Amino acid sequence: MIKQEKGITCENLSYSWTKHPGEEDYIFRDVSFTIQQGEFISFIGPSGCGKSTMLNIISGLLAPYDGKVIKDGIEVMSPDKDLGVVFQDYSLFPWLTVKNNIAFGLKLNGKSKNEIDTRTDDILKRVGLWEARKKYPFQLSGGMKQRTAIARVLANNSNYMLMDEPFGALDYQTRLNMQSFVSEVSAEFNKTILFVTHHVEEAIILSDRVFLMSVNQKEKMDELIIDLAKPIDITSSKFNEYRKYIINHLNKEVNF
Amino acid sequence: MIVLKKYKEAIIRFICGTGLITLLVLAWEMAASGGWKYANIFPPPSKFIKQLSNDGFKVGLGAQAASVQTSIISSILRVLTGLFIGLISAFLFGFFVQSNIWLKRFLMPLIRVLAPVAPIAWIPMALVLFGIGNQTAVFIVFMGVFFTLSIAVVRAIEIIPENLVNSAKTLGASKFQIWYKVIFPSILPNVFTILRLNFIAAWMAVLAAEMTGLQDGLGAIIMTGRNLFNNEMILMGMVLIGVVGFLFDSILKYIQDKFLWWDKKSRQ
């Protein structure tokens, strides 16, 4: 069945690392959800619950064991440049400058040099990388690297940005900095963002909805709608209620 | 002074390197003039270097004789041709093998069996196939580098970070674009390091091939010296082999540092 509306729909997604899984072998099973265009969704859960696997399946990099992913009415069968991915390890091309890293996707599609230059220069300025455009990845700090990786997806004009623990390797200060950066980007560029994290506050600050994944309950994914006034006051009681709810969920999962 | 600081390490290395060689040569000269008993087998540089400035110096006999310059150039060209064909073939082979798991399962064991066979072991067959000439020398160089480089290419592809390829895929790269825009540049520094190590093997292989009776080349100088019981000629050949090899490796190292730096730097 083909759906016409914009957004991502996952129907009965299952995944297992084995070919003929028994009850115990599923990482998640029969999970369904819908993401509207323009939403900011976080996936949170303990390690091993399949957050990254979920993101890889949605991006088309990994085939699900069962079920399907439908993007804008069409089933996702392989990686698609409309589904841009930002990895935790940045995955920049070390032999290319910041500018050429950002232009990488544009150059693949045979655009004219002029068009590529105009577009990359615009992105470089908007994400604060103009000064660093001629540097190579090894000359950048972690935060700048991740900015470049995000800019690379923005330049490609993907409607969806899938981020797999993008700030996991960054220090606290840079992390806060990058959180507001992503927040701005999602508003300014009107992206639909799927964001995997294990950082509770980060998920609440950034998201419209938080999906709580679980190791023990493979067939259920709790959902928490975040309804906070911007700018977000992290000392408000509402914020702390959300926080408590998520932490309780995570604590149920802890197995020593 | 700033310039000096920048090249400080290079200057120190140059002084240390040439210093030790000079000391050894001096000791050698002193021993020879002091009546060392093996001075006939190891004539000192002051004796064999003169051979070079002698305009009439030729490798070989009569009409077939070749000058030293021709010999050096011939050896270099043979090594370069063999290395070049070996490198291109290794890239093609590595890409081919990595494109399908079954190709890898069938072909890699064969390559790994052939790799340890010393290139000079192929000389008898090569002589029958190609006769005495350039083709044999190039073939021996090729056999000396192809298998190792192939293994290097295959391994380098295996260790490319998965997400580097994944990010290219999600940016819209086709299969072909992934090969030449991501995999090829990713493995280049790695493979070039192996190429540098292999250059030394190739350099040794070409000399062995040239000793089979080629009329020119550095190996031929040694062979001629041996036939004439001329130790001065042999030692001069050895020095030329060492110096040309060193210069060549320096060029390769320069290329590596200047143009293929990203493997080392991106690990920092």
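Predicted model: local features only at pLDDT ≥ 70, side-chain atom pairs only at ≥ 80, totals over all residues.
**View 1. Chain B is built from 13 helices and zero strands.** Helices are DSSP runs of H or I with at least four residues, strands are runs of E with at least two, and both are numbered from the N terminus. Along the principal axes, the C-alpha atoms fill a box of roughly 75 × 60 × 30 Å. Of contacts (heavy atoms within 4.5 Å) between residues at least 6 apart in sequence, 70% join residues at least 24 apart.

**View 2. The surface of chain B exposes about 15500 Å².** Areas come from the Shrake-Rupley method with a 1.4 Å probe; for residues, only the protein chains shown count as cover. Of 268 residues, 42% are buried, meaning under 20% relative accessible area.

**View 3. Domain 1 of chain B meets domain 2 of chain B.** The domain assignment, automatic or from a database, gives domain 1 (1–42) and domain 2 (43–55 + 69–266). Eight residues from domain 1 and seven residues from domain 2 form the contact. The C-alpha centres of the two domains lie 29 Å apart.

**View 4. The two domains of chain B bury about 590 Å² between them.** Buried area is the accessible area (1.4 Å probe) that two parts lose on being put together, summed over both. Carbon and sulfur atoms hold 62% of it. In domain 1, B:W28, B:E29 and B:F42 lose the most area to domain 2, together 60% of what that side buries.

**Notes.** Residues are numbered from 1 along each chain as its sequence is written, and chains are lettered from A and ligands numbered from 1 in the order in which they are written. Local features need pLDDT of at least 70, side-chain atom pairs count only at pLDDT 80 or more, and totals for chains, interfaces and linings use all residues, while side-chain values use heavy atoms, leaving out hydrogens and water.

Key
Buried < 20%, exposed > 50% of the residue type's maximum accessible area, 1.4 Å probe, protein only.
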